[in-house]
Structure formats: structure tokens, C-alpha cells
Amino acid sequence: MRSFLRPAAGLVCLVALACAGCSAGSDGDGSSSDASTAQAQPDPGSSGGTGTGGPSTAYAPYVSATTAYDLDSAGSASAYNLAFVIADGDDCTPTWGGTSAIDDSAVASRISALADSGATVRVSFGGASGTELAEACDSAEELAEAYGQALDAAGATAADFDVEGDALTDADSIDLRSEAIALLQEERSDLSVSFTLPVMPSGLDDDSVSLLESANNHSVQVSTVNIMTMNYGSTYDGDMGDYAETSAEAAHDQLADVFGLSDEGAWHGLALTSMIGVNDVDNETFTLEDATQVREFAEEKGIAWVSMWASFRDRQCDEDSGSDDASTDCSGVEQEDGAFAEAFSG
């Protein structure tokens, strides 16, 4: 996703709500002989519904961590993904979007206002722009400290790692990140972790699977894997709602394989994020009908949460807007303000 400025160890379970923990003693169906092992706290605000009386799929939009928008409150958000924490240039220093200090008082007030709505906040590290901290820090201890500073600044117990572009192919930083997150979870037993990764209708690519395997090998307890159902490429000119479903089905099978989950557990461990309206690829437009379709699919499958890029784009473009505005601060489709948030909220 765009930045808002532009827009070998024993088996470790992917820990999702309503999914029993698993361990090295798992019988292979996602259950565990010892439910007390390999358990983490559920991701705040990210519930997974089964359609059989369980909690419903949550709505957790991406929002600017630094700038308040009237559209942030549209829909019924259970959590907000704060975009994005990246390094200060090439230094192992966390910043909000590369522009604001991690302890900036204005940002703290902004985040506090979001939390006052009753929703939880999840700090999202990385994104499509700037340098992810794992590429700037020299040791796992240093990286864990940087991540912890951002979480403390936001008062958050949930971390999202949006890894894409060059960062997704950097094996050294991937392993360093996994080691650092494991250290962080040792220090913070209530820390829930999600990974946000690009996807295709065929599923996660080899680099994304390798990242999840690295997390698993370092005993990271993962609450959710959030797939970015967007920007597939010029050859994908069909229905975006259908592509989202196909991508989710393929990724579901991969999660079951990597983490040794049951069919139901893999659905509970999945989240979906769509780029509303006009995507970065010209022939891709995600409509309000697509949003309704994705929401219904997510509820049917018991997917943990649905999200969108981003709250500040959930409006119709002004008549004099340039073509790029459809990718940065408006959707590029005819809509009422906040209509996508309402659709994703169900």
C-alpha cells in the first residue's frame, strides 16, 4: 500500500481468535494436545466470525497516524491501523511517516482521539514508501527497541508489519525482523502481531511465504496475515470482488500449510485489505458492490477483519481533481462520503 504521504523451530501456531493453539505436539488438524502452549492474546479489535453465533468479522481501516480526517469515524471500526512507522532515513530511529518524531505530541493527541472512540489502535510498520526499520537497524535487540518505542508512543498492544517491495526480497532483514518480533513478544506477552503482504489471485508469492516461514521458525506468534487484495497487474481486468475471493481462498490454503492450521483456523487467521475505488493499476477499480461482496464473503468464512486503503480516500473526487488524486486522497468513483466504510462494516 502507499504511504499516506504518497499514498526449524517447533511448529508455532498462527494464533487467531476462535482457533485453538497448536504446538510441536499438534496432531496436524490445528488442535493441540496442550492448549496452554503457543498461545498469544487475540489481536485487539480483530475478531473472526464463523456465522454460527461467533463474533463477527471486524472492520479495521488504515488511517493516517499524523492527520485527522472527518472520514476516520465512518462505519463501525473496531480498530485503526496507524500508517506508517518507518526509519528516519537510514537510521534505526522510528518516525511517523518519516516526518514526525515518534513522541510528537500532536500525533499522540491524534492517536488518543482515535482510541477515545472505543476502538483499539494497531501500529503499522513499513508500507510502500521509505525504509522499514528492519532494513536500517543492525541487531535484533536494537530493532525490537525501535518497534517498542513506537508501540509505547501509541499506547498499542498490536503491531502490523506491512512488508512489500524491496523489503520483501531482503532475506537478511526478514530474519532480523522475525528475531526482533520474537524478542518483543517475550517482553510483551500481550503483543499481537499481523503481517500485511501483497497477494495475487494465485495466492502469496514465494517471498511472502518465506517471510511467514521465517516468522514461524523464530517462534513468532502471529495473530493474522492480512493480504492486500489490490494492484494485481494489467492482465487482471475482471471483477475485483471475485479476485479478492480467489486470492483469499489461495492464501487460506497457504496459511493452513505454513502454520499447520485447520480449515477453520486458517480462515480465522486471515484478514483482507482492499484499495477502494481506482487502484494504482489503471484497469482495476474496486467498487462499492465489491466492498459489499468482500464483507459478505469475510463473514461467511469467519475472516478476522477487513480493511481498506484508506479512510481518507473514502470520498468522491472533486470535479477539478487530477487523475492522481484518485490514488491519494479520494476514491475516483461516484459515492457518498464514507460509503466504503459503511459497506465494510456490514
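**A short tour of a predicted model**

At 4% relative accessibility, Arg295 counts as buried. Let me say what that word covers: buried means under 20% relative accessible area, exposed means over 50%, and partly exposed is in between, with a 1.4 Å probe and protein chains only. Before we go on, please note that this is a predicted model, where local features need pLDDT of at least 70 and side-chain atom pairs count only at pLDDT 80 or more, while totals for chains, interfaces and linings use all residues. Residues are numbered from 1 along each chain as its sequence is written, and side-chain values use heavy atoms, with hydrogens and water left out.

Let's stay with Arg295 for a moment. What does the side chain of Arg295 meet in a salt bridge? The partner is Glu299, at 2.9 Å from N to O. By salt bridge I mean a side-chain nitrogen of Lys or Arg within 4 Å of a carboxyl oxygen of Asp or Glu. Glu299 and Arg295 are 4 residues apart in helix 7, so about one helical turn separates them. Helices here are DSSP runs of H or I with at least four residues, strands are runs of E with at least two, and both are numbered from the N terminus.

Helix 7 covers residues 288-301, and Lys301 belongs to it. With 27% relative accessibility, Lys301 is partly exposed. Have a look at Trp267 as well: its C-alpha atom is 6.2 Å from that of Lys301, although the two are 34 residues apart along the chain.

Now, the other salt bridges. How many does a search of the whole structure find? It finds 6. One of them pairs the side chains of Glu132 and Arg177, at 3.2 Å from N to O. Glu132 sits in the loop between strand 6 (120-126) and helix 2 (140-154), while Arg177 is in helix 3 (residues 171-187), so this pair ties together parts that are 45 residues apart in sequence. Are Glu132 and Arg177 buried or exposed? Both are buried.

Another salt bridge brings together the side chains of Arg315 and Asp318, at 3.6 Å from N to O. Salt bridges with shared partners join Arg315, Asp318 and Asp329 into one network. Asp318 is partly exposed, since its relative accessible area is 44%.

Next, please turn to strand 13. All 5 of the 5 residues in strand 13 (residues 305-309) are buried, so the rest of the structure largely encloses this strand. Trp305, Ser307 and Trp309 point one way, and Val306 and Met308 point the other way.

Which strands pair with strand 13 in the parallel sense? Strand 10 (residues 270-275) does, over 5 bridges, and strand 1 (residues 58-59) runs parallel to strand 13 and is joined to it by 2 bridges. Pairing here requires that DSSP finds at least two bridges between the strands.

Most residues other than glycine have a negative phi, and most peptide bonds are trans. The bond from Trp309 to Ala310 is cis, with omega near -5°, and Ala310 lies in the loop between strand 13 and helix 8 (325-328). Another cis bond runs from Ala83 to Phe84, with omega near -15°; Phe84 is in strand 3 (residues 79-88).

As for phi, Ser219 has a positive value near 65°. You will find Ser219 in the loop between helix 4 (206-217) and strand 9 (224-229), where it is partly exposed with a relative accessible area of 38%. Asn231 also has a positive phi, about 50°, and Asn231 lies in the loop between strand 9 and helix 5.

Last stop, the surface. Glu213, Glu249, Asp253, Asp257, Asp263 and Glu264 form a negative patch. Patch residues have over 30% relative accessible area and no salt bridge, with like charges joined within 9 Å and nonpolar side chains (Val, Leu, Ile, Met, Phe, Trp, Tyr) within 5 Å. Areas come from the Shrake-Rupley method with a 1.4 Å probe, and for residues only the protein chains shown count as cover. Asp and Glu count as negative, Lys and Arg as positive, and His and the chain ends are not counted. A charge is placed at NZ of Lys, CZ of Arg, CG of Asp or CD of Glu.

Which helix gives the most to this patch? Helix 5 does, with 3 residues. Asp257 lies in helix 5, and at 65% relative accessibility Asp257 counts as exposed.
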